[in-house]
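Trainee: Can you walk me through this one? I have the viewer open.
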Amino acid sequence: MSETVIIRLPGAPRGKGRHRAQLVHRGGVARIHSHPDQKTKAYESALRLAAGAVMSGRVLLSGPLEVRIFATMPIPASWSKRKRRDAIERRLRPTTKPDWDNIAKVIDALNHVVWADDASVVDGLVRKFYGEMPELVIQVTALEPQAVGAAA
């Protein structure tokens, strides 16, 4: 039997932001210092905490994994009742940022929390919807049964 873990993070989904570059002068030498986007860092930290709560006492998933990501985006307040209804009933889908591939990249936060390394992910899906309760839901399924007593 395959094991599935479902992680929910309330709030508007975020994609992984770009690293920021800064020119730093030390000892007469100029270097470019790169650091992660602070909003991405905070979002990934919140995702790690949510995943940690789900994984509490569980062994890290191993073997080939499938990841399904469902990003429920907030409905703009300026939209008409009809447009809001179309969004809720999934006749209208978000074509705005964050891009689906940047949403997928936030799973880096799950390394050493849900699995050892995201290289184990062999299949994936990202779907964006509108909803009244924005959230990010990540469903991770081990495609092969885990070995009994497998340790992380």
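Mentor: Start with the sheet: it is open, has four strands in the order β1-β6-β4-β5, and its pairing is mixed. Strands (E, at least two residues) and helices (H or I, at least four) are DSSP runs numbered from the N terminus, and two strands pair if DSSP finds at least two bridges between them. This is a predicted model, where local features need pLDDT of at least 70 and side-chain atom pairs 80 or more, while totals for chains, interfaces and linings use all residues. Residues are numbered from 1 along each chain as its sequence is written, and side-chain values use heavy atoms, without hydrogens and water.

Trainee: Which strands are at the edges?
Mentor: β1 (4–10) and β5 (121–131), each pairing on one side only.

Trainee: How do β4 and β5 pair, parallel or antiparallel?
Mentor: Parallel, over 10 bridges, with β4 covering residues 65–74. V67 stands opposite G124 in β5.

Trainee: And how many bridges join β1 to β6?
Mentor: Seven, and those two strands run antiparallel. P10 stands opposite E135 in β6.

Trainee: Which side chains of β1 are buried?
Mentor: V5, I7 and L9, which point to one face; buried means under 20% relative accessible area, with a 1.4 Å probe and protein chains only.

Trainee: Switching to T40: where is it?
Mentor: In helix α1. T40 is buried, at 5% relative accessible area.

Trainee: What does the T40 side chain join up with?
Mentor: The side chain of D37, through a polar contact of 2.9 Å. A polar contact is a pair of N or O atoms within 3.5 Å; within protein, one must be able to donate a hydrogen and the other to accept it, and residues adjacent in sequence count only if both atoms are side-chain atoms.

Conventions
Buried means under 20% relative accessible area, exposed over 50%, partly exposed in between (1.4 Å probe, protein chains only).
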